[in-house]
Amino acid sequence: MKKLKENPAFIPNEPVVGDETLGSFPFGWNITRASAWIQENLKEVELSVVQVEPPGPGLDSANLDEAFIPRADLSKPLLVVRMRPEFFRLIDGNHRVAKARRLGVAELPAYYLTPEQHRQFFTTEDMDKRYVDYWNDKLKMFKKDKGRWGAWLGK
């Protein structure tokens with residue numbers, strides 16, 4: 001894992017009417033444009049799976065459209081981004097995950113975007129700089145040991 005550098009030519013992917021987005025402050029993505037880019041660049045994007053946890057405390061769907069959950073297409077890959085060195089974030093597919101939990105589905109297909117890939121879909125001008133600072137700050141907590149990365153909690 002390496003430090004990131006701010007893109008001085010960053011142009012936000014501002015949503016237009018009809019675009020699906022996720023988030024706002026501190027980070028927000030244009031999901032519609034990210035999905036289109038993935039379809040145009042399938043060879044550059046990792047397709048894998050996400051393990052779906054069974055329903056339980058804290059794993060409810062309170063903020064989701066209940067009417068849409070049964071119609072969610074479990075064959076459509078989720079969209080996951082590497083938020084920091086040790087953490088991934090689901091940015092598209094919450095209804096699919098809720099449906100999978102209810103049906104007892106153990107895993108779903110997912111596209112995984114690297115920081116370099118997902119940063120281009122930030123929706124405001126300041127997000128790239130903010131994300132670079134965030135990533136680099138989190139990276140300080142990690143070190144490479146015998147070819148593997150791990151959390152460094154020492155002094």
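User: Which residues of the largest nonpolar core touch the most other members?

Analyst: The model is a predicted one. In the largest nonpolar core, which has 22 residues, the members that touch the most others are Trp 29, Ile 38, Leu 79, Leu 113, Phe 122 and Tyr 131. H1, S4, S6 and helix H4 (127-139) each contribute at least two residues to this core, and H4 gives the largest share, 5 residues.

User: What makes Ile 38 a contact partner, and which residues does Ile 38 touch?

Analyst: A contact requires heavy atoms within 4.5 Å. Leaving aside residues up to four places away in sequence, Ile 38 touches Val 45, Leu 79, Tyr 111 and Leu 113.

User: Why are the buried residues of H1 placed on the same side of the helix?

Analyst: Ile 31, Ala 34, Trp 37 and Ile 38 are buried in H1 (residues 31-40). They cover an arc of only 125° around the axis, and therefore lie on the same side of H1. Among the elements that cover these buried residues are strand S4 (78-84), strand S6 (107-113) and helix H3 (115-118).

User: What is the peptide bond from Phe 25 to Pro 26, cis or trans?

Analyst: This bond is cis, with omega near 5°. Pro 26 belongs to the loop between S1 and S2. Most peptide bonds are trans.

How values were computed
Residues are numbered from 1 along each chain as its sequence is written. This is a predicted model: local features need pLDDT of at least 70, side-chain atom pairs count only at pLDDT 80 or more; totals for chains, interfaces and linings use all residues. Side-chain values use heavy atoms; hydrogens and water are left out. Buried means under 20% relative accessible area, exposed over 50%, partly exposed in between (1.4 Å probe, protein chains only). Helices (H or I, at least four residues) and strands (E, at least two) are DSSP runs, numbered from the N terminus. The arc is that of the directions from the helix axis to the C-beta atoms. A nonpolar core is a set of buried Ala, Val, Leu, Ile, Met, Phe, Trp, Tyr and Cys residues joined through side-chain atoms within 4.5 Å.
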